[in-house]
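Welcome to this structure. Here are some notes to read beside the view below, taken point by point.

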Amino acid sequence: MKGTIAMEAKERMLKSGALLEGHFRLSSGMHSGFYLQCALFLRYPENAEWAGSLIADMIAPFSPELVISPALGGLIIGHEVARHLKIPFIFCERENGIMKLRRFPAPGRLSYVIVEDVVTTGRSTLEVADAIGAVSGGEFLAGACILDRSSGMHGIRPELLSLMKTDFPVYPEADCPLCQKGIPMIEPGSRRLSV
Ligand SMILES: [Zn+2]
């Protein structure tokens, strides 16, 4: 069942142009045969609804009272998950680099899940948990995301739920097999996207 969901997620990523295959230079400077931009997946509300309902199903057994996301990346999917669970949604955002709950009253003792689009290091989710923990006494039940690309290194406890896991190999330029094969570099932003 889980494998089927991951396969459909990958298909939807490819179809929406969010997942590109080729030869890319990532923002880290590393080279990769894959490039993924989750916003391109979520630009189709049908994809957000699909992913949100599946994440909501995974989260439902925890019986959270609130969904919290880090802005900007978690806004669309977090809201969609909350809609399916019929519970409120709030978000944290950075102010001078520090993750804070700025626009909402502290959630008191409400238990909560933290939902993001992509977890790479887990930093944003952990910072949201710290920001909420500093002002409220509710239990952090679990993290959830569409795509877990952390290779298990995210540090989110008690657990991180995801629709899809990827660990695309990345290479320093000097050791890049794609460079060695002479495959031309693609600039993701410059490719015309089909709508
Ligand atoms: Zn390369």
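How many helices and strands does the protein chain have?

1. The protein chain has six helices and nine strands. Both are DSSP runs numbered from the N terminus, with helices being H or I runs of at least four residues and strands being E runs of at least two. Please keep in mind that this is a predicted model, in which local features need pLDDT of at least 70 and side-chain atom pairs count only at pLDDT 80 or more, while totals for chains, interfaces and linings use all residues. Residue numbers start from 1 along each chain as its sequence is written.

2. Now for the overall dimensions. Along the principal axes, the C-alpha atoms fill a box of roughly 55 × 35 × 30 Å.

3. Of the 195 residues, 36% count as buried. Buried means that 20 or more other C-beta atoms lie within 10 Å of a residue's own; exposed means 12 or fewer, and partly exposed is in between, with C-beta atoms placed from the backbone. Among contacts between residues at least 6 apart in sequence, 66% join residues at least 24 apart. A contact here is a pair of residues whose C-beta atoms, placed from the backbone, lie within 7 Å.

4. Which residues of α3 and α4 meet? On the α3 side they are A48, E49, A51, G52, S53, I55, A56 and I59, and on the α4 side I76, I77, E80, V81, R83, H84 and L85. By class, this contact has nine nonpolar, three polar and three charged residues. Ala, Val, Leu, Ile, Met, Phe, Trp, Tyr, Cys and Pro count as nonpolar, Asp, Glu, Lys and Arg as charged, and the others, Gly among them, as polar.

5. Helix α4 has several buried residues: I76, I77, G78, E80, V81, A82 and L85. Their cover includes α2 (38–42), α3, β3 (66–70), β4 (89–95), β6 (112–119) and β7 (140–148). Following α4 comes K86, with a positive phi near 60 degrees.

6. Two peptide bonds deserve a look. The bond from A71 to L72 is cis, with omega near -10 degrees, and L72 sits in the loop between β3 and α4. The bond from R157 to P158 is also cis, with omega near 10 degrees; P158 belongs to the loop between β7 and β8.

7. Finally, some other loop residues. S63, between α3 and β3, has a positive phi near 50 degrees without being a glycine, and counts as exposed with 11 C-beta neighbours inside 10 Å. N96, in the loop between β4 and β5 (98–100), is not a glycine either and has a positive phi of about 50 degrees. N96 is exposed, with 5 other C-beta atoms within 10 Å.

Definitions and conventions: Contact = placed C-beta atoms within 7 Å.
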